[in-house]
Amino acid sequence: QVQLVESGGGLVQAGGSLRLSCAASGRTLSAYDMGWFRQAPGKEREFVASIRWNGGTTRYADSVKGRFTISRDNPSNTVFLQMNSLKPEDTAVYSCAAKLIFVSDYPYWGPGTQVTVSS
């Protein structure tokens, strides 16, 4: 079983940048597709970005395309989310998730890291 822990969240002004990290332990990440999700207060959790096990394919929510970049470093068991041009509506708890490459759902989740963007 893989354990995930996010870091890098914080308070930033609109237009600023943050880089989130997701560190994995227990299993090598090279067998897992990875995703970032977020949940704002009073809203449902939503998909942000995903990356295939080999880094070959990435997907993004329309709301973050062109501003966020997902990447991974399998040797260090880490996945990243570079967030640029942040907006107040990006404020949320950001969580990373992992799934084996042949399943559709994400069963493994980190506890999340808070991102707050001030206007």
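Is Glu46 buried, partly exposed or exposed, and at what relative accessibility? At 35%, Glu46 counts as partly exposed; buried here means under 20% relative accessible area, exposed over 50%, and partly exposed in between (1.4 Å probe, protein chains only). Before the close-ups, a word on the model: it is a predicted one, where local features need pLDDT of at least 70, side-chain atom pairs count only at pLDDT 80 or more, and totals for chains, interfaces and linings use all residues. Residues are numbered from 1 along each chain as its sequence is written, and side-chain values use heavy atoms, with hydrogens and water left out.

**View A. Glu46 and Arg38 pair up through their side chains.** The two form a salt bridge at 2.6 Å, N to O, the term standing for a side-chain nitrogen of Lys or Arg within 4 Å of a carboxyl oxygen of Asp or Glu. By this rule the count comes to 6 salt bridges. While Glu46 is partly exposed, Arg38 is buried, at 5% relative accessibility.

**View B. Arg67 meets Asp90 in a salt bridge.** Here the N to O distance is 2.7 Å. The pair ties together distant parts of the chain, 23 residues apart: Arg67 sits in the loop between β6 and β7, Asp90 in the loop between β8 and β9. (Strands are DSSP runs of E, at least two residues, and helices are runs of H or I, at least four, numbered from the N terminus.) Both ends are tucked away: Arg67 is buried at 10%, and Asp90 is buried at 1%.

**View C. Arg52 reaches Asp33 through a salt bridge.** Their closest N and O atoms are 2.9 Å apart. Arg52 belongs to the loop between β5 and β6, and Asp33 to strand β4 (residues 32-39), 19 residues away. Arg52 is partly exposed at 33%, whereas Asp33 is buried at 3%.

**View D. Thr57 lies in the loop between β5 (46-51) and β6 (58-60).** Beyond its neighbours within four places in sequence, Thr57 is in contact (heavy atoms within 4.5 Å) with Ser50, Ile51 and Arg52. From Thr57 to Asp33 the C-alpha distance is 9.8 Å, across 24 residues of sequence. Thr57 is partly exposed, at 44%.

**View E. Asn77 and Ser85 have positive phi without being glycines.** For Asn77, phi is about 60 degrees; this residue is in the loop between β7 (68-73) and β8 (78-83) and is buried at 15%. Ser85 has phi near 50 degrees, lies in the loop between β8 and β9 (92-100), and is partly exposed at 41%.
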